[in-house]
Amino acid sequence: MKIGFIGLGKLGKDAAEVLSEKHDLDGYDPNVNLNFSKSLENTCKNKDVVLIAVQTPHDPEYGGEKPTSHLKAKDFDYSYLIEAVKEVDKFVDSGTLISVISTVLPGTIRREIIPLIKKGKFIYNPYLIAQGTVKWDMKNPEMIMIGTENGKEDSDVQTLKDIYNPILENKNTRYEIGTWEEIESLKVFYNTFITAKLVLVNMIQDVAMRVGNINVDVVTNALKKSTKRIMGPSYMRAGFGDGGACHPRDNIALRYMSEKYNLGYDLFDSIMVTREMQAKNMAEECIKYGQDVVILGKAFKPGIDQTIGSPSMLVGYFITSLNKNINVYYDTAPDETKPYVYLIHDNTKEYKFNKNSIVIDPYRTLQDNDDIKIVHYGDTRINKY
């Protein structure tokens with residue numbers, strides 16, 4: 001496979017060297033003097049794929065070596081990436097596959113990059129690599145992420161597989177294929193998951209220092225062995241928020257503890273505000289159709305009858321708060337002839353929906369029906385699976 005690799009910085013150089021072990025690779029970086037091509041044009045011509053790994057930096061003030069939480073929120077700087085894509089597309093042969101590796105926020109590729117592609121084809125392929133372990137990460141990735149326009153596997157995806165399969169030490173490495181936006185999201189949320197874990201375990205450390213008689217390692221070692229819910233796949237399906245008599249109240253109590261021991265921050269307040277705003281977002285989806293709402297499932301989770309901490313009732317609260325003219329009913333529609341907006345919380349039951357109704361399905365499992373409109377909440381793909 002003939003590869004052009006643009007961007008030989010802190011991460012790109014090692015990544016390019018790994019790929020060059022199995023492929024005919026030319027690399028180019030105007031700011032790095034290495035034993036690669038001295039010409040961008042030569043790096044792009046006569047190639048099967050051109051990989052672009054240029055920086056998308058943040059403002060220097062936002063690095064994290066000084067406090068940043070008080071600063072105005074800013075996007076990455078895409079100027080280097082935009083310029084690189086323009087130049088690569090200028091020099092590639094018609095139909096050459098151009099692949100961007102750089103990290104971007106969801107929506108950036110379709111908005112900023114695709115309009116620049118005139119001659120080449122495009123695919124998005126961010127890496128999960130880290131400084132100090134780039135070469136090992138390239139050969140042993142947790143997954144390989146590939147984004148296409150419609151999220152479907154095609155010949156361009158196969159081209160990338162043909163590039164990576166020869167360098168992989170684990171031949172069972174998984175490929176995750178999605179739309180450009182899904183893969184953009186996968187990359188940045190993967191990174192922020194790591195941040196969230198570190199923030200939480202370091203909070204346990206702070207509590208140990210304030211309360212006393214706590215070895216943080218005893219707590220975190222027990223938690224990391226908890227693979228049934230915490231470290232496993234449980235709770236990784238988006239839908240309604242957390243509920244029940246335990247979880248929300250534990251967060252509320254920990255808010256008190258944060259204040260009592262003067263930790264200097266209140267992570268749990270942010271968690272509870274986020275839970276409530278996510279319920280409000282779902283309520284706004286329900287009321288935008290201007291019809292009364294029937295929430296199917298009043299309990300705090302499917303299959304039981306306890307309503308303490310019910311996230312579906314929280315959605316109902318926001319519906320009536322946002323629009324006093326909309327009535328909210330639970331489990332049963334009062335009029336069998338009238339269309340409603342149905343919101344499904346308990347997906348363990350089968351329901352009959354009134355004709356011409358709108359059904360909001362946060363589980364994204366219902367099939368289209370001529371008599372009703374199905375809204376797969378959380379799935380905004382133009383082309384469904």
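These notebook entries record what I looked up in a predicted model.

**Basis.** I number residues from 1 along each chain as its sequence is written. Because the model is predicted, local features need pLDDT of at least 70 and side-chain atom pairs count only at pLDDT 80 or more, while totals for chains, interfaces and linings use all residues; side-chain values use heavy atoms, with hydrogens and water left out.

**Helix α3.** I took helices (H or I, at least four residues) and strands (E, at least two) as DSSP runs, numbered from the N terminus. The 13 residues should span 18 Å, and the end C-alpha atoms lie 19 Å apart, which agrees. I then looked up burial, where buried means under 20% relative accessible area, exposed over 50%, and partly exposed in between (1.4 Å probe, protein chains only). Leu81, Ile82, Ala84, Val85, Val88 and Asp89 are buried in α3. They cover an arc of only 165° around the axis (taken from the directions from the helix axis to the C-beta atoms), which places them on the same side of α3. I list among their cover β1 (2-6), α2 (40-44), β3 (49-52), β4 (97-100) and α4 (108-113).

**Salt bridges.** I counted 20 salt bridges in the structure, each a side-chain nitrogen of Lys or Arg within 4 Å of a carboxyl oxygen of Asp or Glu. I looked up three of them.

- Lys47 and Asp26 pair at 3.1 Å, N to O. Lys47 sits in the loop between α2 and β3 and Asp26 in strand β2 (residues 24-28), so the pair ties together parts 21 residues apart in sequence. Lys47 is buried at 11% relative accessibility, whereas Asp26 is partly exposed at 26%.
- Glu112 and Arg111 pair at 3.0 Å, N to O. Glu112 is partly exposed at 29% relative accessibility, and Arg111 is partly exposed at 45%.
- Glu182 and Arg381 pair at 2.6 Å, N to O. Glu182 belongs to helix α7 and Arg381 to the segment after β12 (373-376), so this pair ties together parts 199 residues apart in sequence. Glu182 is partly exposed at 27% relative accessibility, but Arg381 is buried at 12%.

I also noted that salt bridges with shared partners join Lys13, Glu17 and Lys135 into one network.

**Loop residue.** I located Ile214 in the loop between α7 (180-211) and α8. Ile214 is partly exposed, with a relative accessible area of 32%.

How values were computed
Expected span 1.5 Å × (residues − 1). Contact = heavy atoms within 4.5 Å.
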